[in-house]
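I opened this model to look up a few local features. My entries follow in the order in which I made them.

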Amino acid sequence: EEKRTTWMACINAMLLVGIVSGYIIGGLSRATGLASWQNLYMTEGLLMLACCVRSGFFSADMVQVISDSEASLPHEAAAKSEL
């Protein structure tokens with residue numbers, strides 16, 4: 001239960017950081033004229049690709065994954081769906 005709460009707090013914190021940094025980067029690039037919108041989209045795409053590649057290396061204990069044998073048990077599946 002506490003692990004799930006920590007993950008939700010981290011997700012919400014990173015969401016806020018992403019929104020705020022987007023406004024800051026967008027505002028600075030608009031004010032200074034150093035970056036065009038095409039460059040900003042390309043940079044965002046590269047950052048998203050890096051996040052995607054990095055997520056492939058998460059350890060199994062960090063991600064809530066159930067095995068096929070656990071998924072076939074009805075009481076386990078019902079308990080997992082309530083989470």
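I began with Phe 58, which is partly exposed because its relative accessible area is 37%. On this scale buried means under 20% relative accessible area, exposed over 50%, and partly exposed in between, with a 1.4 Å probe and protein chains only. I placed Phe 58 in the loop between helix H2 (37-55) and helix H3 (68-71). Helices here are DSSP runs of H or I with at least four residues, strands are E runs of at least two, and both are numbered from the N terminus.

This is a predicted model, in which local features need pLDDT of at least 70 and side-chain atom pairs count only at pLDDT 80 or more, while totals for chains, interfaces and linings use all residues. Residues are numbered from 1 along each chain as its sequence is written, and side-chain values use heavy atoms, with hydrogens and water left out.

Next I looked up the patch that includes Phe 58. Trp 7, Met 8, Ile 11, Phe 58 and Met 62 make a nonpolar surface patch of about 460 Å². Patch members have over 30% relative accessible area and no salt bridge; like charges are joined within 9 Å, and nonpolar side chains (Val, Leu, Ile, Met, Phe, Trp, Tyr) within 5 Å. A salt bridge is a side-chain nitrogen of Lys or Arg within 4 Å of a carboxyl oxygen of Asp or Glu.

I then took the chain as a whole. I found 4 helices and 0 strands, in the pattern α-α-α-α along the sequence. Of the 83 residues, 1% count as buried. The accessible surface comes to about 7400 Å², and 69% of this belongs to carbon and sulfur atoms. The areas come from the Shrake-Rupley method with a 1.4 Å probe; for residues, only the protein chains shown count as cover.

Helix H1 was next. H1 (residues 2-32) has 31 residues and reaches 44 Å from its first C-alpha to its last, close to the 45 Å expected at 1.5 Å a residue. The expected span is 1.5 Å times one less than the number of residues. After H1 comes Gly 33, with a positive phi near 70 degrees.

Gly 26 lies in helix H1 and counts as partly exposed at 29% relative accessibility. Gly 26 and Leu 40 are 14 residues apart in sequence, and their C-alpha atoms are 8.2 Å apart in space. Ala 35 sits in the loop between H1 and H2 and is partly exposed at 28%. From Ala 35 to Ile 25 I noted 10 residues in sequence and 9.7 Å in space, C-alpha to C-alpha.

How many aromatic pairs are there? Rings of Phe, Tyr and Trp (its six-membered ring) pair if their centres lie within 6.5 Å; planes under 30 degrees apart count as stacked, over 60 as edge-to-face and the rest as tilted. The count is 1 aromatic pair. The rings of Trp 37 and Tyr 41 have centres 5.7 Å apart and planes at 85 degrees, so the pair is edge-to-face. Trp 37 and Tyr 41 are separated by about one helical turn because they are 4 residues apart in helix H2. Both Trp 37 and Tyr 41 are exposed.

Last, I searched the whole structure for disulfides (pairs of cysteine sulfur atoms within 2.5 Å) and found 0. Cys 51 is in no disulfide, and the nearest cysteine sulfur, that of Cys 52, is 8.7 Å away. Cys 51 counts as exposed because its relative accessibility is 56%.
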